[in-house]
Amino acid sequence: MRRRLLTAVRSCARSFGTTAAAAAAAASTAAPRERLFNKLLVANRGEIAVRVMRTCKRLGIPTVAIFSEADAAAVHARFADQAVCVGPAPSTASYLNIPAIVEAIKKTGADAVHPGYGFLSENAAFVEAVEEAGATFVGPPTFAVEKMGDKVNTIPGWAGVVKDADHAVSVAEDIGFPVMIKASAGGGGKGMRIAWNERELREGFELCTQASSGRGSVQWAAAAGEAAAAFGDSRMLIEKFIEQPRHIEIQVLGDKHGNVVYFPERECSIQRRNQKVIEEAPSPLVTPEMRRAMGEQAVALCKAVGYESAGTVEFLANPQRQFFFLEMNTRLQVEHPITEAITGQDLVEHMLRIAAGQPLAVTQDQLLHFTGHAMECRVYAEDPARGFLPSIGRLLRYVEPSGPNVRCDSGVQEGSEISMHYDPLISKLVTRGVDRPSTLGAMRRALDSYVIRGVQHNAPLLRSVLDIPAFEAGQLSTAFLAGERGAGMGGEGVASAEHFPTPESSAPERLPLSSGQQDQLLALAAMLWAAREQRLSGVGDLQVELQVVLTLEGQQVPATVRPAAPELAAAAAPGAGQALEVQLPHRILLVRDAGGSSAQLVHAEVDSERVALQVLSRGPRHLRLQHCGAQRLVALDAPAAAQLTRCMPAPTMEDFSKVIRSPMPGTLVHLAVEVGQEVNPGDEVAVVEAMKMRNVLRAEVAGVVAAVEAGQGEVLGADQVIVRLQ
């Protein structure tokens, strides 16, 4: 098992052919060959822990993993040379447990610590603790973390930490709504809310803080409960929310000798819940002049504070290419692989060499002569149809895409558990190409062939985003996806997103298909039906015409499947199936299985175009399919049977509007109603916390509370009933 795990993870590093790792190795041939550190402990989990360890293994540095009791069988714990348990499942007792991590450093003899991102990566107290333990912190020094780790910016807002909800309202009235509240030590969308009026602002604090101020059960209790749970720091900031901004960032590297360089920009405008989900480099918006101006400002900032190691300076820009400083993240970013893809640099290796005291091994001129384009999709275990709420469970089937232009950084494998205790990131899927269109095409193919079963996930939505004309044209903004404005707060004042404005519209079953894509789906469904009929009959290739009626979204579509004419059946690759003609009422399509298919994934050709079709489930007369991100249920009947189905009564739907259920496994942290209480549509009923995010559940209809079936503090299962109305 361990050998298979090592092979799988190492294969990711070879996915780009001339990968970032290989290019970095070639670029550093003049560097000393001695080991940089004797042993490195990675104070993190999941894909970033594996990512850091991969570079360490290439450099010959033994690695130590830390893990919680819930992560005992996790990929990162088994990929390391050593692994140490640092506490129970909650992150506050394990991955944020500084004394336990320091003890692991001493116990294993690690002389260096890489923090990854999130958790303690921007915690000055942790940096000091590592150094006091006699180890080198692979990151910026304490003074830089203290100066830049707290979020500071030039956007109108309050220059210091907001005291409480009343103080936040006062600041908001001065600078004007809408405003954003966020964790001072935060990142990744945790402890962050957008408020369009006073009520939403107060609710934002209830959703993001932890300690009660005595005014209500969770007043000033919740953008800092998420902050404290995620970062161990509940301090909050407030700033003006800029409408329709583009999120653009500059990667920087500084060494201990005063050298600082900047990398080509990354654009991270496609977000949900204020967390990035699609990033690309370079930005479609940025010109060489704008890139240089942003880069020079980033370098000047780093030199002003004596910054060392990798960091990211974030900006907001508008369509007129005006930009201004937002904040600096004093750590490696989640989206660093796209920078590696276009520059050929290994950022983790640079961090290690800088921490060991070596000067920068790359020049500014080298970094500005980058090649191609790269894009990253963050694949999360979450349910877009439920407002991107986390989805937990076991990965029953898991097959990552591969290819010469594909890189998949993950910390999971088939059988891995997506836990309620941590961020639900499954992987970071990266593609690259000579330009943006070719990169986009590679990402479409990669997402189409990414097989994930056992949990809900956002890969279908990401795939659908890629086909939106505005995205293809590079017309992006942080309001592109549903969930960006209001971020789970609901209520009045929440504006529609530019695309997928409601959770329902983000559901895989509701994602759009073009007419051409729908024709492909029908033709492939007919091909699968014909293949089944041939297997049942015991005959080889199809020799005669077959008639089938396909029912899609209530519409019956008659189709004829026949062997393709010899002149139309071009030479096929080894293992390819028979070429078939599928005649629909309005067109004929030439289809064939391209070979290499499985029960879950069909590789096919449709009119000479290579496509990947996912088979989600099979029934006696139904196929649930996924094509270009959209999921559809297709019924397949013989013409006589199809005629009879028209006489069947329509199914009835049960009304669940008066039942409030937990949308995911989590903890009931607040119950706002009691038996006999009247509620109106939109009233808060309960707050459920999972994966460090707090989610308000509201009444859909007016009614009276008839029963309360769960208590505050209770751990809930998905769809467990909390309250019933009458």
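Is Val127 buried or exposed, and what is its relative accessible area? I took this as my opening question for the model, which is a predicted one.

**Entry 1: Val127.** I looked up the residue and found that Val127 is buried, because its relative accessible area is 0%, where the cut-off for buried is under 20%. I then placed Val127 in the secondary structure, and it is found in helix H6, which covers residues 124-132.

**Entry 2: H6 and its partner H5.** Staying with the helix that holds Val127, I looked at how H6 packs with helix H5 (residues 98-108), and I noted an angle of about 25 degrees with the axes 10 Å apart. Angles under 35 degrees count as roughly parallel, and H5 and H6 are therefore roughly parallel to each other. The crossing in which H5 passes H6 is right-handed. On the H5 side I recorded Ile98, Ile101, Val102 and Ile105, which meet Ala125, Phe126, Ala129 and Val130 in H6. When I sorted the residues of this contact between H5 and H6 by class, I counted eight nonpolar, no polar and no charged.

**Entry 3: H3 and H13.** I next turned to another helix pair, H3 (residues 46-58) and H13 (residues 347-355), whose axes are 9 Å apart and which pack at an angle of about 65 degrees. Since the range from 65 to 115 degrees counts as roughly perpendicular, H3 and H13 are therefore described as roughly perpendicular to each other. Their crossing is right-handed. The contact involves Arg51, Val52, Thr55, Cys56 and Arg58 from H3, together with Leu347, Val348, Glu349 and Leu352 from H13. By class, the residues of this contact between H3 and H13 divide into five nonpolar, one polar and three charged.

**Entry 4: the whole chain.** The protein chain has 726 residues, of which 59% count as buried. How much accessible surface does the protein chain have, and what percentage of that surface belongs to carbon and sulfur atoms? The computed surface comes to about 27700 Å², and carbon and sulfur atoms account for 52% of it.

Notes. Residues are numbered from 1 along each chain as its sequence is written. This is a predicted model: local features need pLDDT of at least 70, side-chain atom pairs count only at pLDDT 80 or more; totals for chains, interfaces and linings use all residues. Side-chain values use heavy atoms; hydrogens and water are left out. Axes are lines fitted to C-alpha atoms, for helices over the stretch in contact, and angles run from 0 to 180 degrees between N-to-C directions. Helices (H or I, at least four residues) and strands (E, at least two) are DSSP runs, numbered from the N terminus. Angles under 35 degrees count as roughly parallel, over 145 as roughly antiparallel, 65 to 115 as roughly perpendicular and the rest as oblique. A crossing is left-handed if the near helix is turned anticlockwise from the far one by less than a right angle, and right-handed if clockwise. Contact means heavy atoms within 4.5 Å. Ala, Val, Leu, Ile, Met, Phe, Trp, Tyr, Cys and Pro count as nonpolar, Asp, Glu, Lys and Arg as charged, and the others, Gly among them, as polar. Buried means under 20% relative accessible area, exposed over 50%, partly exposed in between (1.4 Å probe, protein chains only). Accessible areas come from the Shrake-Rupley method with a 1.4 Å probe; for residues, only the protein chains shown count as cover.
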